[in-house]
Amino acid sequence: MKKNLILSLFALVALCLGQQAQAQVGPSVSTAPVTVNIDLQAAVLSIALDAAPTVNFVYGTAAEYTASKTVTKPGHLTVISNKPYDLAVSADGLFTSSNSTNTTNLPALGIVGITVDAATLHGGTLTPVTALTQVDQVLVSGAVAEINAAYNVNYTITNPSSLISLPLEVYTTTVTYTATQL
């Protein structure tokens, strides 16, 4: 009987240890891997002008015809590009007059210069355009890929003396900015 009691006690201890070992194993775990792709297929490039893009040079006094004049346009244009790019500028045509009969007595296109404020440089190299032309001139080269790269642009007439002999009219040309991804 003593043997049966010891054997039963031994079985009970073994059973308790077996239960404890199972409790320490914990829940079953299963994993399933998932592939996540980001597929960048299209080159993204856009230019947007500020809400008031028109540049007005106003000459109302004699002194204004003798000094350089700059019109500063903060946040004038914004470029979005997912690749490095160059930014160029050109005029679509020569100046025209608000008086349709005046087709020859017009300001020279090259009287206007355009620069980008160095404080708004977006990783590129600046090249001032000292004389506007109808051919693209690189204003910023090697700008970095960026979202919302805003540029402050300065338009300057360094020597307005040639304007003094022109009829009192409004003269207009259209300037176009071109961003080209590298």
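Q: Why does Ser 165 count as exposed?
A: A residue is called exposed if its relative accessible area is over 50%, buried if that area is under 20%, and partly exposed in between (1.4 Å probe, protein chains only). Ser 165 has 57% relative accessibility, so the residue counts as exposed. Ser 165 lies in the loop between strand 8 (146-157) and strand 9 (171-172). This is a predicted model, in which local features need pLDDT of at least 70 and side-chain atom pairs count only at pLDDT 80 or more, while totals for chains, interfaces and linings use all residues. Residues are numbered from 1 along each chain as its sequence is written, and side-chain values use heavy atoms, with hydrogens and water left out.

Q: What makes the rings of Tyr 59 and Tyr 65 an aromatic pair that is called tilted?
A: Rings of Phe, Tyr and Trp (its six-membered ring) pair if their centres lie within 6.5 Å; planes under 30 degrees apart count as stacked, over 60 as edge-to-face and the rest as tilted. By this rule the count is one aromatic pair. Tyr 59 and Tyr 65 are 5.4 Å apart, centre to centre, with 35° between the planes, and the pair is therefore tilted.

Q: Why does Tyr 59 count as buried, and why Tyr 65?
A: Tyr 59 is buried because its relative accessibility is 17%. Tyr 65 has a relative accessible area of 18%, so Tyr 65 is buried too.

Q: How do you know that Lys 69 lies over the face of Tyr 59?
A: A charge sits over a ring if NZ of Lys or CZ of Arg is within 6 Å of the ring centre and within 35 degrees of the ring normal. Lys 69 lies over the face of Tyr 59, at 4.4 Å from the ring centre. Lys 69 belongs to strand 2 (residues 69-81), and Lys 69 is buried because its relative accessible area is 16%.

Q: Which side chain makes a polar contact with the side chain of His 122?
A: The partner is the side chain of Glu 146, at 3.0 Å. His 122 is found in the loop between strand 5 (112-116) and strand 6, and His 122 counts as buried because its relative accessibility is 14%.

Q: How do you know that strand 2 and strand 8 pair?
A: Helices (H or I, at least four residues) and strands (E, at least two) are DSSP runs, numbered from the N terminus. Two strands pair if DSSP finds at least two bridges between them. Strand 2 and strand 8 share nine bridges, so they pair, in the antiparallel sense. Ser 81 stands opposite Glu 146 in strand 8.

Q: Why do strand 1 (45-49) and strand 5 stand at the edges?
A: Four strands form an open sheet in the order 1-2-8-5, with antiparallel pairing. Strand 1 and strand 5 each have a single partner strand, so one side of each is left without a neighbour in the sheet.

Technical notes: A polar contact is a pair of N or O atoms within 3.5 Å; within protein, one must be able to donate a hydrogen and the other to accept it, and residues adjacent in sequence count only if both atoms are side-chain atoms.
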